Amino acid sequence: MSEVVGYYYSGSAHISHWYGINERDRFVCQCGWAGTFKEMNNGFFAELIDGTCPTCDTMLAIRSLPTRDEIRTAAEAGIPEAMEQWRQIQASAPAEEASSDRATASEACH
Ligand SMILES: [Zn+2]
């Protein structure tokens, strides 16, 4: 397998945008615990998910949730997770941009 990034706790949480942390990346706490972001105790908020050490409750990582534009950019870059998220967005939100083109034609009728 390709190399796995390791983050060693150095006094503050690792703050990243969503796709800056790979699911396989390992975090190493000052207490000796090591694991991935999902193996931490995750706290879910409106704009971010944080991760704390399950052993000593040190906050190890803060991961901001991706915006629509970030998901699209990451999907275009070929990140599988983003491609799946973008597909779900498009499936659940019908094209909202399409309605703005309609207003211009009405004055030319007479
Ligand atoms: Zn710890």
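**Close-up views of a predicted model**

**View 1. The pairing of strands β5 and β6.** In β6, G43 finds its bridge partner in D50. This pair can be looked for in the predicted model where β5 and strand β6 (residues 48-52) run antiparallel, joined by 4 bridges.

View 2. Taken in order, β2-β7-β6-β5 are the 4 strands that form an open sheet, and their pairing is mixed. Because β2 (14-17) and β5 (41-44) each have a single partner strand, they stand at the edges of the sheet, and one side of each is left without a neighbour there. On average, and with direction ignored, neighbouring strands of this sheet are turned by 20° against each other.

View 3. Is helix α2 largely in the open or largely buried? Of its 13 residues, the number buried is 1, so α2 lies largely in the open. The length of helix α2 (residues 80-92) can also be checked: at 1.5 Å a residue, its 13 residues should span 18 Å, and this agrees with its end C-alpha atoms, which are 19 Å apart.

**View 4. The packing of helices α1 and α2.** Two packed helices are described by the angle between their axes together with the distance between those axes. For helix α1 (residues 68-76) and α2, the angle is about 125° and the axes are 8 Å apart. Since angles from 65 to 115 degrees count as roughly perpendicular and those over 145 as roughly antiparallel, α1 is therefore oblique to α2. The crossing of α1 and α2 is left-handed. Where the helices meet, R68, I71, R72, A74 and A75 belong to α1, while A82, M83, Q85, W86 and I89 belong to α2.

Key: Residues are numbered from 1 along each chain as its sequence is written. This is a predicted model: local features need pLDDT of at least 70, side-chain atom pairs count only at pLDDT 80 or more; totals for chains, interfaces and linings use all residues. Two strands pair if DSSP finds at least two bridges between them. Helices (H or I, at least four residues) and strands (E, at least two) are DSSP runs, numbered from the N terminus. Axes are lines fitted to C-alpha atoms, for helices over the stretch in contact, and angles run from 0 to 180 degrees between N-to-C directions. The expected span of a helix is 1.5 Å times one less than its number of residues. A residue is buried if 20 or more other C-beta atoms lie within 10 Å of its own, exposed if 12 or fewer, and partly exposed in between; C-beta atoms are placed from the backbone. Angles under 35 degrees count as roughly parallel, over 145 as roughly antiparallel, 65 to 115 as roughly perpendicular and the rest as oblique. A crossing is left-handed if the near helix is turned anticlockwise from the far one by less than a right angle, and right-handed if clockwise. Two residues are in contact if their C-beta atoms, placed from the backbone, lie within 7 Å.
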